[in-house]
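Thank you all for coming. I would like to walk you through one model this morning, beginning with the whole chain and then turning to its aromatic rings and to one of its sheets.

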Amino acid sequence: MNLATIEGISKSYGELVLFQDLSFGINKGQKIALIAKNGTGKTSILNILASHDTADSGQVNFRKDIRISFLQQEPDLDYDLTVEQTIFASDNEVLKVIERYEMALKNPEKEEAYQEAFEDMERYHAWDFETLYKQILFKLKLDDLTAKVGKLSGGQKKRLALANALINKPDLLILDEPTNHLDLEMIEWLEEYFAKENLTLFMVTHDRYFLERVCNEIIELDNRQLYAYKGNYTYYLEKKDARIEQEDVELHKSKRLFKKELEWMRRQPKARTTKSKSRISDFSEIKERAHKRRNDHEVQLEINMDRMGNKILELHKISKSYPGKTILDKFDYNFQRGDRLGIIGKNGTGKSTFLNLITGNDKPDAGKIVTGDTLKFGYYTQDGIQIKEGQKVIDVIREFGDFIPLKKGRQISAQQLLERFLFDRKKQYDFVAKLSGGERKRLYLCTVLIQNPNFLILDEPTNDLDIVTLNILENFLLDFPGCLIAVSHDRYFMDKIVDHLFIFKGEGEILDFPGNYSDYREYEDSQVLAVRAKKEADKQEAKTKKSWKSDVHPTERIR
């Protein structure tokens, strides 16, 4: 069953053409992910689908009476409402029934209203729906239904918007980076929920494990062309490589044909025959095909980092707490050369506080932090780049100098550096305020790396970065010779770049685990299975003892 048909849509902002003449369809039960580089129009496509924006040309046709929910990157919520009021503000009829029932429970003296509300709950089969929405709120840690939206953190607002989208039971759910601001436990729950529910999804996400386990189709916007892959992320990678290989073959053929036709054109043929006219007319098309090239440059940056001494960073019995919450309790650790540490844990367990302590942006309550003389931090925070009014991309880099030193006494210009970070010459003179969220993150990452740190600290570096940039960043980090700490909810990223973990469990408990995220999950699963097996064995043993006692004659038991 077709839910939406998108025909020939285009979108431009002034001279910037995001996409042209795009067409695709969305059918019931499809779980589609849209993949594209930052700044090429992913969010614009979602906004057009959700009727939050209009295309310059083309049209979007929906099936009659379709219900659509849209999770935006920055949720549009009424700050004056409570969490519960936000949920019930939906136009979903079943939620209205539940709201009336909840009100009736608060006013038991109004028996007639209670009876009517109770009968409506029966008529609309709202009991199961009520259980579902309370389960969703519980899983997304939205326990305080009376909390004002305006008082919530950015992560809580995103989770509330996600809860609203799920609870509305839409025919089509449109999601823009649904895993941002979710901890790993929530992400895995959401994966399971989407995998088992018969939902139709159209999403943008950088979470590659999420793509692998949830999506059954991927649409890629590449060089303003759409390519559809009927499979998950692994299937997409295989087929994309095959497509690019085929394009390279076709490009080689086009270049050979162009060379041949160019020689013919240079002989200045007279267009006397119909065949000659046709051949001259085709020449421009052949030339365009022959000069087509992929814009797949990779970030290449040879860090001129300071040599690290024997002493790098030592933490001696560090303690830190806030009223009612312990972050660290006499924590010890000595960093060694080449340490590649990942930090995971639920939101609020103190991961960012830990980073601020070791970088000197916060002070411990007790204990001592000793840093080596040659230590130079590069700290990528969640706050991102601070935008200055009227500042252009090139100006951001020139604050560090017109030329940046590299290894062996070489240097690179600010323009060349930006090109390596995928900002072409035209993009370098755009205002920073005009950049997409992912482009700003990429520019911020550039400013951190060009300061030549020998100890990199990355706090949620993958948020808002496209998959192309993520792969490039991972390859760069694999070659980074210094120490590295990464806090991330991106399991794919963590598996690739870290070799041991700090698991923040809360109340000052930190587990140092040797391995990456997948190793840790395997260990956790084995522990759960071991506990279950022991319980089953104890149960069986108790059952056997009970059976043995009942089989023995009372006089024999006395003996």
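Of the 559 residues in the protein chain, 46% count as buried, where buried means under 20% relative accessible area, exposed means over 50%, and partly exposed lies in between, with a 1.4 Å probe and protein chains only. Please keep in mind that this is a predicted model, in which local features need pLDDT of at least 70 and side-chain atom pairs count only at pLDDT 80 or more, while totals for chains, interfaces and linings use all residues. Residues are numbered from 1 along each chain as its sequence is written, and side-chain values use heavy atoms, with hydrogens and water left out.

The accessible surface of the protein chain comes to about 30000 Å², and 47% of that belongs to carbon and sulfur atoms; these areas come from the Shrake-Rupley method with a 1.4 Å probe, and for residues only the protein chains shown count as cover. The chain has 18 helices and 20 strands, which are DSSP runs numbered from the N terminus, helices being H or I with at least four residues and strands being E with at least two. If we take contact to mean heavy atoms within 4.5 Å, then among the contacts in the protein chain with a separation of 6 or more, 66% are accounted for by residues 24 or more positions apart.

Let me turn to the aromatic rings. Rings of Phe, Tyr and Trp (its six-membered ring) pair if their centres lie within 6.5 Å, and planes under 30 degrees apart count as stacked, over 60 as edge-to-face and the rest as tilted; by this rule the count comes to 24 aromatic pairs. Why is the pair of Y193 and F194 tilted? The ring centres of Y193 and F194 are 6.0 Å apart and their planes stand at 55 degrees, so the pair falls in the tilted class. Y193, at 3% relative accessibility, counts as buried, and F194 counts as buried at 0%.

A further tilted pair is that of F513 and Y523, with 5.5 Å from centre to centre and 45 degrees between the planes. This pair links distant parts of the chain, since F513 is in strand β20 (residues 509-514) and Y523 is in helix α17 (residues 517-551), 10 residues apart. F513 counts as buried at 10% relative accessibility, whereas Y523 is partly exposed, with a relative accessible area of 35%. Elsewhere, ring pairs link F331, Y333, F335, F354, F377, F455, F502 and F504 into a cluster.

Now to the sheet. It is an open sheet of 3 strands in the order β11-β10-β13, with antiparallel pairing, and two strands are taken to pair if DSSP finds at least two bridges between them. At the edges stand β11 (325-335) and β13 (366-371), each with a single partner strand, so one side of each is left without a neighbour in the sheet. Neighbouring strands of this sheet are turned by 20 degrees against each other on average, direction ignored. Strand β10 (residues 313-322) is joined to β13 by 5 bridges, and the two run antiparallel; E314, for instance, has V370 in β13 as its bridge partner. Helix α11 (residues 351-358) lies across β10, β11 and β13, running at about 130 degrees to β10, where axes are lines fitted to C-alpha atoms, for helices over the stretch in contact, and angles run from 0 to 180 degrees between N-to-C directions.
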